[in-house]
Amino acid sequence: MNKFSLLMSAAAISTIVLPTATFADGTVEVLHWWTSGGEAKAVGELKSSFEAQGGTWIDSPIAGGGGDAAMTALRARVVAGNPPTAVQLKGPGIQEWAIEGSLNDVDDVAKAENWDAVLPPVLAAIMKYEGKYVAAPVNIHRVDWIWANPEVLAKVGVTEVPTNWDEFNAVADKLLAAGITPLAHGGQPWQDATVFEVVALGIGGADFYRDALVNLDQAALASDTMVKTFDQLRKLRGYVDQGFSGRDWNLATAMIMNGQAAFQIMGDWAKGEFLAAGKAPGKDFLCAPAPGGAFVLNSDSFTFFKVEGEDQLKGQQVLASLIMSPGFQETFNLAKGSIPARTDVALDKFDSCAVKSHEDLTAAIAANSLVPSMAHEMAVSRTVRGEIMDVVTNFFNSNMSSADGVQALASAVKRVQ
Ligand code: GAL
């Protein structure tokens with residue numbers, strides 16, 4: 001046998017041997033709330049990639065946009081001493097569970113794969129507890145978007161999404177006059193809070209948003225700017241249809257698709273719905289950053305709970321590595337509507353909304369106008385968020401004056417601080 005054929009047979013052996021050696025087994029029970037069309041497609045990518053590596057995936061979906069029901073279920077599981085292997089969890093919630101001593105770290109994987117070098121520092125910090133990675137991020141979602149149906153807008157002679165709230169109100173009034181529902185909305189507290197934070201950003205800008213909804217500064221919470229934010233929220237209440245109460249967010253997105261309403265104010269998981277329904281951006285739907293010239297950040301990540309057994313521990317390591325692999329970050333985010341958490345994944349296959357998101361994210365980091373989402377658990381504790389959501393939802397569903405709303409907001413936050 002000459003040298004060449006020796007090499008060839010070595011290669012042949014390794015191609016036979018390697019797959020078994022690199023096939024990872026491991027089992028994960030994954031708790032998440034991705035049950036809408038676009039969400040299910042995206043989490044399906046994670047499941048099938050994990051299974052393709054030889055792992056066993058036990059799916060534990062808890063329906064309910066924004067994840068409030070999932071977080072209640074998680075608490076019950078942990079209290080019962082039976083946590084899931086991996087949980088979709090984010091922002092300060094990661095720290096809260098880590099402080100309770102409930103999380104395993106995946107720092108060996110993170111070090112071996114040099115996650116520090118490929119994640120934006122702002123995101124890496126959220127994923128770590130006491131310097132070690134306890135979470136792996138799948139994406140970067142942007143919350144401050146307005147989605148629109150161009151055909152519906154054309155009915156009132158409008159071709160573009162408004163760029164400030166006065167303009168928005170003017171277009172919405174025209175739509176109302178034409179018998180068209182201006183705003184598709186689902187009256188659930190987290191959706192009310194989503195709209196509220198987007199409006200606050202548009203009225204007051206990034207510094208105001210940060211002072212009020214991240215630093216919980218009393219002066220900002222009780223300011224005239226906050227009164228104006230509530231005024232605009234009251235306006236928006238007049239633009240929703242009769243059936244808005246309790247509606248799921250993806251059904252509101254469907255109203256845009258079906259031409260039953262003109263706009264939806266929602267994060268770019270809404271794009272996942274449009275795409276899953278075969279709709280194309282720029283043609284069937286428009287995406288435009290909401291007023292504010294900033295970027296409201298929401299990143300989904302998975303944490304790894306303290307579980308027993310080699311199989312599950314291995315599953316955690318394999319899942320962490322898979323989540324952060326460039327190929328997965330591309331496939332997953334193409335379905336989810338978000339952009340990769342890794343900074344080194346090319347966006348060639350992504351649409352114009354994703355490219356805009358990436359451009360604006362980069363600009364916002366440079367201009368210090370990147371702000372974390374309060375509504376999506378990136379900014380404040382669950383307790384504070386709960387108080388803010390209560391006030392916003394009560395305001396939205398009553399005749400409360402803006403001044404009273406602001407007063408209620410400031411005192412609710414003070415009470416739990
Ligand atoms: C967000 C989450 C998104 C999306 C949305 C609606 O909080 O980050 O991934 O799923 O809820 O369920």
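Here are some questions and answers about this predicted model.

Q: How do you know how confident the predictor is about the protein chain?
A: Look at pLDDT: its mean over the protein chain is 94, and 94% of the residues reach 70 or more.

Q: What makes residues 1–23 a stretch to read with their pLDDT in mind?
A: Over residues 1–23 pLDDT stays under 50, and the model has 7 contacts there beyond four places in sequence.

Q: Why is Asp 300 called buried?
A: Its relative accessible area is 3%. Buried means under 20%, so Asp 300 counts as buried. You'll find Asp 300 in the loop between β12 (295–298) and β13 (301–304).

Q: What makes the pairing of Asp 300 with Gln 88 a polar contact?
A: The side chains of Asp 300 and Gln 88 come to 3.5 Å, and the cut-off for a pair of N or O atoms is within 3.5 Å, so the pair makes the list. Leaving aside neighbours within four places in sequence, Asp 300 is also in contact with other residues, including Trp 34, Lys 90, His 141 and Lys 336.

Q: How do you know that the buried residues of α17 line one face?
A: Cys 353, Ala 354, Ser 357, Asp 360, Leu 361 and Ala 364 are the ones to look at, as they are buried in α17. Seen down the helix axis, the buried residues fall within an arc of 125°, so they line one face. On the other side of α17, Ser 352 and Ala 366 are exposed.

Q: Why is Ser 357 called buried?
A: Ser 357, found in helix α17, has a relative accessible area of 1%. The limit for buried is under 20%, so Ser 357 is buried. Not counting residues up to four places away in sequence, Ser 357 touches Arg 142, Trp 145, Asp 268, Phe 295 and Ile 339. The C-alpha atoms of Ser 357 and Arg 142 are separated by 7.0 Å, though the two are 215 residues apart along the chain.

Q: What makes one side of α3 its buried face?
A: The buried residues of α3 (68–79) are Ala 70, Met 71, Leu 74 and Arg 77. Down the axis they fall within an arc of 120°, so they line one face of the helix. Thr 72 and Val 79 are exposed on the face turned away from the buried side. Among the elements covering the buried residues are β1 (27–32), β3 (86–89), α4 (92–99) and α18 (382–396).

Q: Which residues touch the most other members of the largest nonpolar core?
A: Phe 196, Phe 263 and Ile 388 do, in a core of 78 residues. Helix α10 (residues 189–214) gives the most to this core, with 13 residues. A second, separate core has 59 residues, including Ala 98, Leu 119, Ala 136 and Phe 305.

Key
Residues are numbered from 1 along each chain as its sequence is written. This is a predicted model: local features need pLDDT of at least 70, side-chain atom pairs count only at pLDDT 80 or more; totals for chains, interfaces and linings use all residues. Side-chain values use heavy atoms; hydrogens and water are left out. Helices (H or I, at least four residues) and strands (E, at least two) are DSSP runs, numbered from the N terminus. Buried means under 20% relative accessible area, exposed over 50%, partly exposed in between (1.4 Å probe, protein chains only). A polar contact is a pair of N or O atoms within 3.5 Å; within protein, one must be able to donate a hydrogen and the other to accept it, and residues adjacent in sequence count only if both atoms are side-chain atoms. Contact means heavy atoms within 4.5 Å. pLDDT is the predictor's confidence in each residue, from 0 to 100. A nonpolar core is a set of buried Ala, Val, Leu, Ile, Met, Phe, Trp, Tyr and Cys residues joined through side-chain atoms within 4.5 Å. The arc is that of the directions from the helix axis to the C-beta atoms.
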